[in-house]
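Reader: Before we turn to the details, could you show me the model and then take me through its helix packing and its aromatic rings?

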Amino acid sequence: MRCVPVACVSWILLAPAPAWSDDVSPPHDPRAAHAATDRDQNGEIDREEFEQRMIQIFYLNDADKDGFVTLGQLAVYDEALLFESADLDSDTQLSLSEFLAARFEHFREADTDGSGTLSVEEIVEDFNE
């Protein structure tokens, strides 16, 4: 059974990143999101690539640059579900460590073949759920 508390890995990969122009939204295509995150272009997103992408997303969403992401700053996925599961100290904000812990839990769930990496097929499958 898949965990509901955090949204699709592919949706979070679709969040804006420095690699994309400031004025252009990223494509809502899990294959394009995978390609943009797969920095070494080997066809797999490893844990380091994933972590780098999640850190980018965290700081892009930290609008007031206080080191925390609050409800309302995350626009890519269901904020209420993320906060419910990831806000471990119930302070209505996520630290980078809370954010990464939640994202890596979902990374493990999306890694259906247990390889420790995310293939484009796993991202597409996760996106379509």
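Author: Rings of Phe, Tyr and Trp are taken to pair if their centres lie within 6.5 Å. The model is predicted, and in it one aromatic cluster is formed by Phe50, Phe104 and Phe107.

Reader: How do the axes of helix 3 and helix 5 cross, parallel or oblique?

Author: The axes of helix 3 (residues 47-61) and helix 5 (residues 96-110) come within 10 Å and cross at roughly 135°. Angles over 145 degrees would count as roughly antiparallel and 65 to 115 as roughly perpendicular, so helix 3 is to be described, relative to helix 5, as oblique.

Reader: Which class, nonpolar, polar or charged, has 11 of the residues in the contact of helix 3 with helix 5?

Author: On the side of helix 3 the contact includes Phe50, Met54 and Ile55, and on the side of helix 5 it includes Leu96, Phe99 and Phe104. Four of the contact residues are charged and no residue is polar, while the 11 are nonpolar.

Reader: What is the geometry of the aromatic pair of Phe50 and Phe104?

Author: Phe50 lies in helix 3 and Phe104 in helix 5, 54 residues apart, so that the pair links distant parts of the chain, and both residues are buried. Their rings lie 5.2 Å centre to centre with 70° between the planes, and planes over 60 degrees apart count as edge-to-face. The geometry is therefore edge-to-face.

Reader: Is Tyr59, whose ring pairs with that of Phe58, buried or partly exposed?

Author: The ring centres of Phe58 and Tyr59 are 5.1 Å apart and their planes stand at 90°. Phe58 has a relative accessible area of 0% and is buried, whereas Tyr59, at 39% relative accessibility, counts as partly exposed.

Technical notes:
Residues numbered from 1 in each chain as written. Predicted model: local features only at pLDDT ≥ 70, side-chain atom pairs only at ≥ 80, totals over all residues. Heavy atoms only, no water. Axes fitted to C-alpha atoms, helices over the stretch in contact; angles between N-to-C directions. Helix = DSSP H or I, 4+ residues; strand = E, 2+ residues; numbered from the N terminus. Parallel < 35°, antiparallel > 145°, perpendicular 65-115°, else oblique. Contact = heavy atoms within 4.5 Å. Nonpolar A, V, L, I, M, F, W, Y, C, P; charged D, E, K, R; others polar. Phe/Tyr/Trp six-rings, centres within 6.5 Å; stacked < 30°, edge-to-face > 60°. Buried < 20%, exposed > 50% of the residue type's maximum accessible area, 1.4 Å probe, protein only.
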